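Biologist: I am new to this structure and would like to learn how to read it. Could we go through it feature by feature?

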Amino acid sequence: MTANEIRARVNGIFSASYSSQVYLVLKTDNGFVLRKADIENDTESEMRSLFADSVRFRVSDNEDLSTCNLSVADDRANALFYYDYDEYPEELSVFKDFNLLAAIDTTSNFNFKEDSISSLYGYIIYLGTVTDGLLLFKKHYSIALIKRECFLLGLHKDKERFAKINSDDILRLNGDFQLIRFNDEIYVTDV
């Protein structure tokens with residue numbers, strides 16, 4: 001697709017009433033497995049806005065956006081690089097093969113008793129309706145996982161004092177993503 005076609009596609013998806021779903025990609029001894037993140041409604045709408053705003057900024061509102069094949073990628077900014085290779089690394093296969101309807105029916109929720117947050121490899125974020133949407137992939141870096149044995153201080157905005165944050169492990173997300181997929185076309189956002 002051209003940059004204009006991609007912008008139009010994103011705008012079309014976001015012009016409808018759409019939702020988001022987050023899937024966690026876990027790296028296990030047997031390969032990669034997918035788990036659905038069970039996210040409460042208020043948090044889902046904030047997360048949807050976070051990622052949609054990032055897609056708008058990087059793609060649909062970006063008048064300087066260009067596209068080219070990944071095999072001839074250069075160091076240009078404001079580009080989406082179409083993944084034009086025939087083979088995919090194992091790490092990319094979960095994203096490449098992701099099917100929303102199959103995931104809704106067969107993917108179990110992440111369970112803190114059965115799954116390990118330390119095996120988190122990445123995130124797949126779906127933005128759209130059941131029939132039309134886009135997929136984002138974000139690699140998880142261990143720095144984004146704040147373990148419960150850390151000492152965290154948070155500032156209450158209505159006060160001047162820092163207070164200890166009492167919580168279990170905390171995942172820190174921003175709207176960044178490295179891959180975007182429309183149907184079967186995968187684009188790399190940063191080479």
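Modeller: Start with pairing: two strands pair if DSSP finds at least two bridges between them. Strand E6 (residues 133-139) and strand E11 (residues 179-182) meet this with 3 bridges, in the antiparallel sense. Keep in mind that this is a predicted model.

Biologist: Which residue in E11 is the bridge partner of Phe137?

Modeller: Leu179 is the partner of Phe137.

Biologist: What is the order of the strands in the open sheet?

Modeller: The order is E2-E1-E5-E6-E11-E12-E4-E3, which makes 8 strands with mixed pairing. Strand E2 (31-36) and strand E3 (66-69) are the edge strands, each pairing on one side only. From one strand to the next, the twist averages 25°. The protein as a whole has 12 strands and 4 helices.

Biologist: Which strands does helix H1 lie across?

Modeller: Helix H1 (residues 3-15) lies across E3, strand E4 (79-82), E5, E6, E11 and strand E12 (185-188). Relative to E6, H1 runs at about 105°.

Biologist: How should I read the interior?

Modeller: In soluble globular proteins, nonpolar side chains tend to be buried together. Here, 41% of the 191 residues count as buried. The largest nonpolar core has 29 residues, and Phe14, Val55, Leu127, Leu134, Leu136 and Ile180 touch the most other members. Two or more residues of this core come from each of H1, strand E1 (19-28), helix H2 (41-60), E5, E6 and E11. A second, separate core has 23 residues, including Val25, Leu70, Phe95 and Val188.

Biologist: What does Ile180 touch, not counting residues up to four places away in sequence?

Modeller: Among the residues that Ile180 touches are Val55, Leu80, Phe95, Leu134, Leu136, Ile186 and Tyr187. For the protein, 64% of the contacts with a separation of 6 or more are between residues 24 or more positions apart.

Biologist: How do I read the backbone angle phi?

Modeller: Most residues other than glycine have a negative phi. Asn78 is not a glycine, yet its phi is positive, about 60°. Asn183 also has a positive phi, near 50°.

Biologist: Where are Asn78 and Asn183 found?

Modeller: Asn78 is in the loop between E3 and E4, and Asn183 is in the loop between E11 and E12. With a relative accessible area of 37%, Asn78 is partly exposed. Asn183 is exposed, at 54%.

Biologist: What share of the accessible surface belongs to carbon and sulfur atoms?

Modeller: Carbon and sulfur atoms account for 46% of the accessible surface, which comes to about 11600 Å².

Biologist: How many of the residues, as a percentage, score a pLDDT of at least 70?

Modeller: The figure is 83%, and the protein averages a pLDDT of 84. Over residues 143-155 the pLDDT is below 50. Beyond near neighbours in sequence, that stretch has 33 contacts in the model.

Methods:
Residues are numbered from 1 along each chain as its sequence is written. This is a predicted model: local features need pLDDT of at least 70, side-chain atom pairs count only at pLDDT 80 or more; totals for chains, interfaces and linings use all residues. Side-chain values use heavy atoms; hydrogens and water are left out. Axes are lines fitted to C-alpha atoms, for helices over the stretch in contact, and angles run from 0 to 180 degrees between N-to-C directions. Contact means heavy atoms within 4.5 Å. Buried means under 20% relative accessible area, exposed over 50%, partly exposed in between (1.4 Å probe, protein chains only). pLDDT is the predictor's confidence in each residue, from 0 to 100. A nonpolar core is a set of buried Ala, Val, Leu, Ile, Met, Phe, Trp, Tyr and Cys residues joined through side-chain atoms within 4.5 Å. Accessible areas come from the Shrake-Rupley method with a 1.4 Å probe; for residues, only the protein chains shown count as cover.
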